[in-house]
Amino acid sequence: MSGTVRRWPVRVSGGADRGTGVVRTARAGLLLLVYVTVAVQSLATKAIGETGGTSVAAAVLAAAATRLALRPDRPPRLVLLLPGFFTLTVGSLGMRGLTTLAGGHVIEGFRDLLKLVTIVTAIAVGLVLGAVLARPAVTSPSAEGG
């Protein structure tokens, strides 16, 4: 296996970190990513609608997490993405859609489920776009003349 493998400690149990499961030094950064995600989503949603705003927020979240994860003293990208991702997801829409369907309101139930699929797709597209945009440029050995 080439390259170095970096390890980043994440506590799973409670204790000094008050049961959050995250090492105290990373907590502020993770909270900041959540607040930035919410702020971007709120502003972008007012400007371009719910789906577009969610996608823009996901792109900003992915770009920030990708850049922050480049430093060896930072958590891995996935750890940085999760709090913001859970902020963007709309699990309640799925439950509301299924509950509405079970209650016999077919049109409203499918409307909620379609909205869920649309929002989840917007999040996925935004996360991929942000990761691609924030990826550092890598030069291949052949491009350097070697």
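This is a predicted model: local features need pLDDT of at least 70, side-chain atom pairs count only at pLDDT 80 or more; totals for chains, interfaces and linings use all residues.

User: How do you know which elements the protein chain has, and in what order do they run?

Analyst: The elements are DSSP runs, and a helix needs at least four residues. On that basis the protein chain has 5 helices and 0 strands. Starting at the N terminus, the order reads α-α-α-α-α.

User: What makes the pair Lys115 and Glu50 a salt bridge?

Analyst: The side chains of Lys115 and Glu50 meet with an N to O distance of 3.2 Å. The rule asks for a Lys or Arg side-chain nitrogen within 4 Å of a carboxyl oxygen of Asp or Glu, so this pair is a salt bridge. Lys115 sits in helix H5 and Glu50 in helix H2, so the pair links distant parts of the chain, 65 residues apart. By this rule the count comes to 1 salt bridge. In general, side chains of opposite charge can pair when their charged atoms come close.

User: How exposed are the two partners, Lys115 and Glu50?

Analyst: Lys115 has a relative accessible area of 35%, and Glu50 has 35% relative accessibility.

User: How do you know that the length of H5 agrees with its number of residues?

Analyst: H5 has 29 residues, which at 1.5 Å a residue should span 42 Å. Its end C-alpha atoms are 42 Å apart, so the two values agree. H2 can be checked in this way too: its 19 residues reach 27 Å from the first C-alpha to the last, close to the 27 Å expected.

User: Which residues of H2 are buried?

Analyst: Among them are Gly53, Thr54, Ala58, Leu61 and Ala65. Ala63 of helix H2 has a relative accessible area of 22%; buried requires under 20%, so Ala63 is partly exposed. Ala63 still touches Gly130, Ala131 and Ala134, leaving out residues up to four places away in sequence. The C-alpha atoms of Ala63 and Ala131 are separated by 5.2 Å, though the two lie 68 residues apart along the chain.

User: What makes a set of residues a nonpolar core, and how many residues does the largest one have?

Analyst: Its members are buried nonpolar residues joined through side-chain atoms within 4.5 Å. The largest nonpolar core has 14 residues, and those with the most contacts inside it include Ala58, Leu61, Leu88 and Ile123. H1, H2, helix H3 (77-88) and helix H5 (106-134) each give two or more residues to this core, with H2 giving the most, 5 residues. Ile123 is in contact with Thr54, Ala58, Phe85, Leu88 and Thr89, leaving aside neighbours within four places in sequence.

User: Which residues make the nonpolar surface patch, and why can Val36 belong to it?

Analyst: Leu32, Val36, Ile48, Val56 and Val60 make a patch of about 390 Å². Helix H1 (24-48) and helix H2 (50-68) each give two or more residues, and the largest share, 3 residues, comes from H1. Val36, found in helix H1, has a relative accessible area of 34%; patch residues need over 30%, so Val36 passes that cut-off.

Key
Residues are numbered from 1 along each chain as its sequence is written. Side-chain values use heavy atoms; hydrogens and water are left out. Patches are made of residues with over 30% relative accessible area and no salt bridge: like charges are joined within 9 Å, nonpolar side chains (Val, Leu, Ile, Met, Phe, Trp, Tyr) within 5 Å. Accessible areas come from the Shrake-Rupley method with a 1.4 Å probe; for residues, only the protein chains shown count as cover. Buried means under 20% relative accessible area, exposed over 50%, partly exposed in between (1.4 Å probe, protein chains only). Contact means heavy atoms within 4.5 Å. The expected span of a helix is 1.5 Å times one less than its number of residues.
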